[in-house]
Amino acid sequence: MTRRFTALAALAVICAAAEVVAGRGMSPGVVWDVLNGGGDATERHIVFQLRLPRLLVALGAGACLAVAGLVLQSALRNPLAGPEVTGVTPGAVLGAVTATALGLAGWDSPLAVVLAACAGGCAGAALLWLLAGRGRGDPAQTAVHGVLVSSVLGGLTAMVLLVEPGELGSVVQWLVGTTEGRVWEHWHLLWPWALLWGTAAWLLAGPLTLLRCGDDIALAAGLSARRARTLALICAVALTAGAVAAVGALGFIGLLVPHLAVAVFGADLRRSLPGAALTGAVVVCGADATAQLSSRLLATALDSGRLTVPVGALTACLGAALLLLVVRRTPSRTF
């Protein structure tokens with residue numbers, strides 16, 4: 001297990017180094033020179049004020065989404081339960097988009113965006129909880145209601161964009177997910193939030209492990225399944241809202257990364273929750289580095305300096321392809 005964590009940490013370092021040098025405008029040699037204390041003022045600003053905070057925000061957001069997904073899948077006992085399909089991510093996106101459209105928040109006010117996303121994520125989770133009603137203890141029924149809530153919230157987001165079409169350019173990044181333009185203020189808001197709720201999720205590892213075994217076993221062990229599930233959902237909502245406030249809606253991170261973490265680190269959530277955090281950080285960081293490199297190559301090939309591939313588009317495409325591949329290779333598995 002130690003070797004697995006060490007190997008994954010080494011992979012995280014490699015992805016981080018790739019992301020720092022993958023951006024446009026500076027060669028890897030110049031970046032290395034800046035990191036060693038050289039370079040002019042502009043080059044130092046690009047590296048230390050733009051690329052490093054972008055790297056850290058990508059790592060933190062990936063960790064938050066992965067842990068939130070594993071918590072949701074464990075609490076609801078559903079392998080397809082993720083922040084994207086339980087109303088949490090769509091609610092957080094709706095909150096951020098609505099606040100931006102009303103002029104209450106924007107990319108220049110990260111704190112207001114965090115608060116708006118948290119309010120929206122909590123509203124989406126509360127709506128799911130109300131619709132589930134007496135059946136909220138049934139994981140399958142809760143997951144179905146989550147899909148319905150996500151669809152409703154997505155429709156409301158589209159209505160906001162129709163009412164305020166002039167805001168489309170500024171909020172479309174919430175719908176896709178991107179790490180462009182992240183600065184130190186975003187990181188300073190994200191890391192305490194992620195640390196607080198990530199620790200809370202790890203403290204729930206024991207109850208979540210019992211919930212994965214079923215409510216009957218949890219009750220036999222003296223655990224209140226409803227209370228433990230409520231606390232777990234609160235943690236998942238908070239982690240998702242923090243990630244969405246920082247980078248927008250990154251598709252499939254909270255859905256697929258938990259399965260990879262459990263496969264690598266086992267079903268013991270005391271190990272798989274930290275493993276999911278590290279895996280999510282590696283996946284998002286690697287995807288962002290790939291997106292930057294793709295943007296650089298496409299801009300050169302098409303002679304378009306403004307062409308940018310958002311990391312959310314890349315994770316959505318790759319995640320959908322991977323999910324289809326898994327379903328096709330295991331047709332007899334019940335999801």
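In the predicted model, helix α9 is followed by G214, a residue with a positive phi, near 115°. The helix itself spans residues 205-213, and A205, L208 and L211 are buried within it. Viewed down the axis of α9, these buried residues fall within an arc of 120°, so they line one face of the helix. Their packing partners are α3 (41-76), α8 (184-203), α10 (215-220), α11 (225-247) and α13 (269-302).

The protein as a whole contains 14 helices and zero strands. Of the 335 residues in the protein, 47% are buried. When contacts between residues at least 6 apart in sequence are considered, 77% of them join residues at least 24 apart. The accessible surface comes to about 15300 Å², and carbon and sulfur atoms account for 69% of that area.

Confidence was examined for the protein and for its elements. The mean pLDDT of the protein is 83, with 89% of its residues reaching 70 or more. Among the elements, the lowest mean pLDDT, 68, belongs to helix α7 (residues 168-176). The highest, 91, belongs to α8, one of the helices against which the buried residues of α9 pack.

L70 is found in helix α3. With a relative accessible area of 0%, L70 is buried, because the cut-off for that class is under 20%. Leaving aside residues up to four places away in sequence, L70 touches R212, P258, V262, L269, S272, L273 and A276. L70 and A277 are separated by 207 residues in sequence, while their C-alpha atoms are 9.5 Å apart in space.

T89 has its place in helix α4 (residues 88-101). This residue is also buried, at a relative accessible area of 8%. Residues up to four places away in sequence again being left out, T89 touches P83, E84, T240, V244 and A249.

T279 lies in helix α13, which is another of the elements packed against by the buried residues of α9. The relative accessibility of T279 is 6%, and T279 therefore counts as buried. The contacts of T279, not counting residues up to four places away in sequence, are with L8, V257, L260, A261 and F265.

On the surface, a nonpolar patch is formed by L127, L131, V152, L156 and M159, which together have about 410 Å² of accessible area. Two elements, α5 (110-132) and α6 (139-163), each give two or more residues to this patch. The most is given by α6, with three residues.

Terms used
Residues numbered from 1 in each chain as written. Predicted model: local features only at pLDDT ≥ 70, side-chain atom pairs only at ≥ 80, totals over all residues. Heavy atoms only, no water. Buried < 20%, exposed > 50% of the residue type's maximum accessible area, 1.4 Å probe, protein only. Helix = DSSP H or I, 4+ residues; strand = E, 2+ residues; numbered from the N terminus. Arc of directions from axis to C-beta. Contact = heavy atoms within 4.5 Å. Areas by Shrake-Rupley, 256 points an atom, 1.4 Å probe, with all protein chains shown as cover. pLDDT = per-residue confidence, 0-100. Patch = residues over 30% accessible without salt bridge, like charges linked within 9 Å, V, L, I, M, F, W, Y side chains within 5 Å. Salt bridge = Lys/Arg side-chain N within 4 Å of Asp/Glu carboxyl O.
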